[in-house]
Amino acid sequence: METEKIPGSRGSLAPPLVFIFLVSLQLISRFLEQLKRKAAKSPVEQQLRQEIRQLLKEANSLSVPSTFAQAAKLRRKAAAKEKELAKVQELHTKEAKGSFDVYFKSLLCLKVLTLTGLSWWFWGVPIAVIPQQLLRPFGKVLSWKAGESIAGHVTVGIVPWILLATRVSKFISQKFP
């Protein structure tokens, strides 16, 4: 896209900087979600899951009528381990949720304050000027609250740019593992 500086504009670096900032916020959010998922899997939980699988495997191997009592005993042990696992998971989830909630809330506040500040700073001022041929059907939508078109060019407003950049940054952050 061709962008150029126009009178009253904040500069041609504004669109890429807003986009890079939004992508970084999305990547940070994605990173925190991955950390939260990894923290939810404690070694105690993994050990209990392994023991449950082993007990159920042994119980299934004892399927003849003469070993029915042994199989039932192993299934009861597995059920008791499952209850213990549920308690451990609940306790661990509460701890992990509490620690990550602070980070998610602060990230949300940062997003809201930044996007509000950018909207206020660039309100009514175009952040970019793009040739009309590139945006033929969407020119009016992208120039919302950015002023009039300039000689075959469409002015892009901050609100449509933030919406577009947010959607693209979410798509990009989903492509990273």
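Val18 lies in helix 1; helices (H or I, at least four residues) and strands (E, at least two) are DSSP runs, numbered from the N terminus. The model is predicted, so local features need pLDDT of at least 70 and side-chain atom pairs count only at pLDDT 80 or more, while totals for chains, interfaces and linings use all residues. Residues are numbered from 1 along each chain as its sequence is written, and side-chain values use heavy atoms, with hydrogens and water left out.

**Val18**

- Val18 counts as buried because its relative accessible area is 4%; buried means under 20% relative accessible area, exposed over 50%, and partly exposed in between (1.4 Å probe, protein chains only).
- Apart from neighbours within four places in sequence, Val18 is in contact (heavy atoms within 4.5 Å) with Leu118, Ile158, Trp161 and Ile162.
- The C-alpha atoms of Val18 and Thr114 are 9.8 Å apart in space, although the two residues are 96 residues apart in sequence.

**The chain as a whole**

- The chain contains five helices and two strands, and from the N terminus on its elements follow the order α-α-α-β-α-β-α.
- Of its 177 residues, 32% are buried.
- The chain exposes about 12,100 Å², of which carbon and sulfur atoms supply 64%; accessible areas come from the Shrake-Rupley method with a 1.4 Å probe, and for residues only the protein chains shown count as cover.
- Among contacts between residues at least 6 apart in sequence, 71% join residues at least 24 apart.

**The largest nonpolar core**

- A nonpolar core is a set of buried Ala, Val, Leu, Ile, Met, Phe, Trp, Tyr and Cys residues joined through side-chain atoms within 4.5 Å.
- The largest such core has 13 residues, and those with the most contacts inside it are Val18, Phe122, Ile127, Ile158 and Trp161.
- Two or more residues of this core come from each of helix 1 (14-39), helix 3 (68-122), strand 1 and helix 5 (158-175).
- Helix 5 gives the largest share, four residues.

**Helix 5 and Ser173**

- The buried residues of helix 5 include Ile158, Trp161 and Ile162, along with Ser169 and Ser173.
- The expected span of a helix is 1.5 Å times one less than its number of residues, so the 18 residues of helix 5 should span 26 Å; its end C-alpha atoms are 26 Å apart, which agrees.
- Ser173 lies in helix 5 and is buried, because its relative accessible area is 4%.
- Leaving out residues up to four places away in sequence, Ser173 touches Gln26, Leu27 and Arg30.
- The side chain of Ser173 reaches the backbone oxygen of Lys170 at 3.0 Å.

**The two strands**

- Strand 1 (residues 128-131) and strand 2 run antiparallel and are joined by four bridges; two strands pair if DSSP finds at least two bridges between them.
- The bridge partner of Ile130 in strand 2 is Val154.
- In a regular strand the side chains alternate between the two faces of the sheet.
- Strand 2 (residues 153-156) is covered on both faces, with His153 and Thr155 buried on one side and Val154 and Val156 buried on the other.

**Gln133**

- Gln133 has its place in the loop between strand 1 and helix 4 (139-142).
- Gln133 is exposed, because its relative accessible area is 59%.
- From C-alpha to C-alpha, Gln133 and Gly152 are 8.1 Å apart in space, and they are 19 residues apart in sequence.

How values were computed. Polar contact = N/O pair within 3.5 Å; in protein donor to acceptor, adjacent residues only side chain to side chain.
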